Amino acid sequence: MKCWTKQEMEVALLDKDQSLLQSHIAHCQACRSLYAACLAEQEEWNQSLFPDVLPDAWDEKVMSALGNITIEGETVQEDSTRILHSGKRNRVLRRTGIAAAIFILLCGVLVYAQPTIAELVRSLFNADGSADIGLLEARKLGIVQDPKVKVTDQGYTLEINEVVADGTRIVIAVKLTDREGRVVRGLDSGALDWRGLKITDDTGQEIAELKSLGGAKYFDKLTFIITKPMASNTIHVSGDFKELMLNLNKPRIQGHWKFDFTVDMTRANELTKVEPLGAQYTTPEGLHIQMNRLVRTPSGVSLEITTSLSKDAIVRSSLDMQQQLLLMYHFEDEQGTTISLVNSQNGGLDSLIAQYHTLDEQTGETHWVYTFMYLPFDKQQVRFVLDGYSLPLERQASVNFHPTMLGAKPVVFEDAGDTIQLLGMKIDKNPNEQDGELVGLINFAGQARNMFYQEEWVVQDGQGRQYPVQFRGGIEGGEMKKIDGDFIVEGMMELPEQLTLMRKVVNQRFTDVNWSFPLPLGEPFPELDRIDLQKLWQ
Amino acid sequence: MSEPLSDQAMIEQVLQGHQEAYAMIVHRYKNKIYGILRGMGVNKEDAQDLTQETFLKAYRHLRQHHEDRSFSAWLYTISLNVWRDHLRKPSAVPIDHFDFVEPSEDMTPESQYLRRESQQEIQDKLKELPEHQRLVLLLRYTNELSYDEIADITGMSPNKVRNDLHRAKERLSRNMRQDEEAGA
């Protein structure tokens with residue numbers, strides 16, 4: 001798995017579920033250092049922005065003011081001892097003293113009485129937001145299996161009691177508990193490196209990739225996406241873990257948690273329905289799109305598409321660049337209401353679980369599989385609408401400037417519908433690294449109609465030496481994206497008299513498309529005719 | 001050694017009639033809420049009043065909080081509504097306020113002074129940021145909210161939150177650096 005950038009790390013720090021991050025840093029020294037640096041920076045900002053501390057006596061004031069207030073919807077109980085007013089400080093303090101004693105007692109009781117794993121109902125299907133519509137439908141269709149895995153070592157027990165598997169995805173609920181029966185997961189667990197879990201068919205071929213780690217309060221939810229066709233009605237899941245990481249600051253626990261089980265896919269495969277698609281379209285710039293088929297499985301829907309570029313388009317886009325092609329489309333119902341957006345520039349409405357593609361270098365065709373947790377083409381008329389696509393293309397655009405004069409006289413770079421104003425340049429430490437080396441920093445702001453990432457920029461000095469350029473900054477969503485930040489010029493230790501900024505690859509966004517078609521109305525599962533999500537959750 | 005109670009556990013205690021459990025919620029969030037209000041330009045006295053009002057409002061409507069939602073996001077939303085209402089009113093009358101910062105035992109009077117100086121400088125610079133950037137920065141460094149939650153609270157898109165945060169940090173750092181250079 002590739003290392004995390006500082007920006008990715010900063011976003012991940014705010015996620016409630018940090019299991020992917022923790023799982024990675026448990027095994028990567030570089031990212032562990034970056035993680036520690038990000039935490040330190042976060043703490044510094046917190047200290048600077050929240051410097052004031054309200055004294056404990058202030059809490060008493062609030063608590064005494066509560067005496068006259070009832071919680072709405074609550075039956076009011078008369079309690080004369082609750083009448084406390086500000087000004088009667090002694091009474092307030094006395095009461096707070098009693099209250100504090102009660103807290104300690106309550107905490108003690110709650111911790112002592114914390115239920116063990118056996119006492120708690122934990123399931124993929126609890127109404128805690130961990131299950132999506134596809135998983136709930138899969139349960140209704142009876143494809144949830146219990147492999148009865150339970151393996152204990154060093155006092156830590158790993159259990160697997162729920163697996164949903166079909167041709168779309170494989171979802172496994174894993175519970176890990178310590179010797180007291182307390183659940184181990186989340187930020188402080190790090191736990192196991194789930195990338196070590198293998199899913200194969202009867203021939204031993206790995207058929208799935210770990211897509212995400214999630215879950216609810218009491219278990220980890222591992223979602224694998226099927227990436228290769230299965231050659232059998234049985235799949236094999238195996239894990240062999242030799243260390244457990246509970247906390248970054250504590251030594252890892254050495255042990256052995258090994259298991260393997262099989263999942264019978266017969267019923268899931270029987271329920272799977274395939275709808276062939278024949279629609280095709282070629283965009284004005286030569287991208288051919290061939291719709292292949294829709295595959296409805298109990299837990300979701302896969303859409304398979306093949307794309308290829310015309311000869312003219314291929315000239316400007318290498319195989320590596322073609323790998324970055326991104327299709328943008330959406331689905332809408334009969335009323336024209338959008339059901340799901342894919343790769344939209346405006347975000348939102350995302351029922352897409354995964355998209356992956358393979359480029360056949362011989363034919364130049366790219367095969368795409370989009371996996372949705374919900375695409376109701378078997379319940380209502382659904383229309384596919386193409387919104388556009390983006391593709392990196394070779395480019396030759398440049399602008400000359402005097403670095404020391406930019407502050408006084410900004411320079412404008414215009415290309416392919418993007419406008420960037422270069423506002424200043426200096427030599428400073430690389431802001432992407434802790435104690436970074438000296439680099440050139442070109443400050444800029446502007447607007448882009450193209451993607452502005454996965455592009456290639458360089459600067460060239462008067463002697464013809466070229467320096468690679470990295471972008472660091474913000475890109476807003478929307479048709480015209482507001483962009484600003486710095487171009488980081490690596491290897492530049494002092495400001496030359498003159499420079500040329502060159503864009504060698506533009507990740508161009510094409511929107512001059514005009515294509516939509518109705519998906520064939522699929523045959524619904526009779527069991528799901530009258531699905532009541534509330535009941536399913538219960 | 002007992003682990004700190006979760007927000008939800010504390011809320012359940014309060015809803016079961018243990019009003020005193022609410023003190024733990026007050027204690028956990030008061031400085032963050034007060035800090036957000038101060039950062040948004042509210043004076044000390046009003047910020048104390050509005051922080052108290054936030055807790056009273058949250059208490060009154062505690063049953064409306066859904067356990068599958070983040071309690072901190074819910075509480076910060078209330079505090080911002082209280083703040084917005086406050087902006088529409090004529091100035092409030094302060095009652096019974098406290099003076100702080102609460103000194104730490106291991107800080108000398110000199111280091112307390114220096115700390116106050118540097119914090120005051122940041123607070124002053126914070127005021128130079130546009131309001132939406134200031135708000136995003138403050139919410140982000142409560143260290144409790146995801147970008148999506150900040151987006152929900154502020155009514156911005158997650159992308160705008162990300163960009164405002166980036167711009168706010170850049171601008172604040174730049175202004176502080178410029179001041180340092182000018183002072184050097």
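Mentor: Let's start with a term: contact means heavy atoms within 4.5 Å. Keep in mind that this is a predicted model.

Trainee: What makes Leu137(B) stand out in the largest nonpolar core?

Mentor: That core has 65 residues, and Leu137(B) is among those that touch the most other members, along with Leu49(A), Tyr22(B), Phe55(B) and Leu139(B). Helix H2 of chain B, residues 22-39, gives this core its largest share, ten residues. Another core, of 34 residues, lies apart from it and includes Phe384(A) and Leu519(A).

Trainee: Why is the pair Asp59(A) and Lys30(B) called a salt bridge?

Mentor: The closest N and O atoms are 2.6 Å apart. The cut-off between a Lys nitrogen and an Asp carboxyl oxygen is 4 Å, so the pair qualifies. The count between chain A and chain B is four salt bridges.

Trainee: How many residues does each chain bring to the contact?

Mentor: Chain A brings 56 residues and chain B brings 66. In chain A, Leu14(A), Phe50(A) and Ile71(A) lose the most area to chain B, together 11% of what that side buries.

Trainee: And what is the buried area between chain A and chain B?

Mentor: About 5,900 Å², with 59% of it on carbon and sulfur atoms.

Notes: Residues are numbered from 1 along each chain as its sequence is written. Chains are lettered from A and ligands numbered from 1 in the order in which they are written. This is a predicted model: local features need pLDDT of at least 70, side-chain atom pairs count only at pLDDT 80 or more; totals for chains, interfaces and linings use all residues. Side-chain values use heavy atoms; hydrogens and water are left out. Buried area is the accessible area (1.4 Å probe) that two parts lose on being put together, summed over both. A salt bridge is a side-chain nitrogen of Lys or Arg within 4 Å of a carboxyl oxygen of Asp or Glu. A nonpolar core is a set of buried Ala, Val, Leu, Ile, Met, Phe, Trp, Tyr and Cys residues joined through side-chain atoms within 4.5 Å. Buried means under 20% relative accessible area, exposed over 50%, partly exposed in between (1.4 Å probe, protein chains only). Helices (H or I, at least four residues) and strands (E, at least two) are DSSP runs, numbered from the N terminus.
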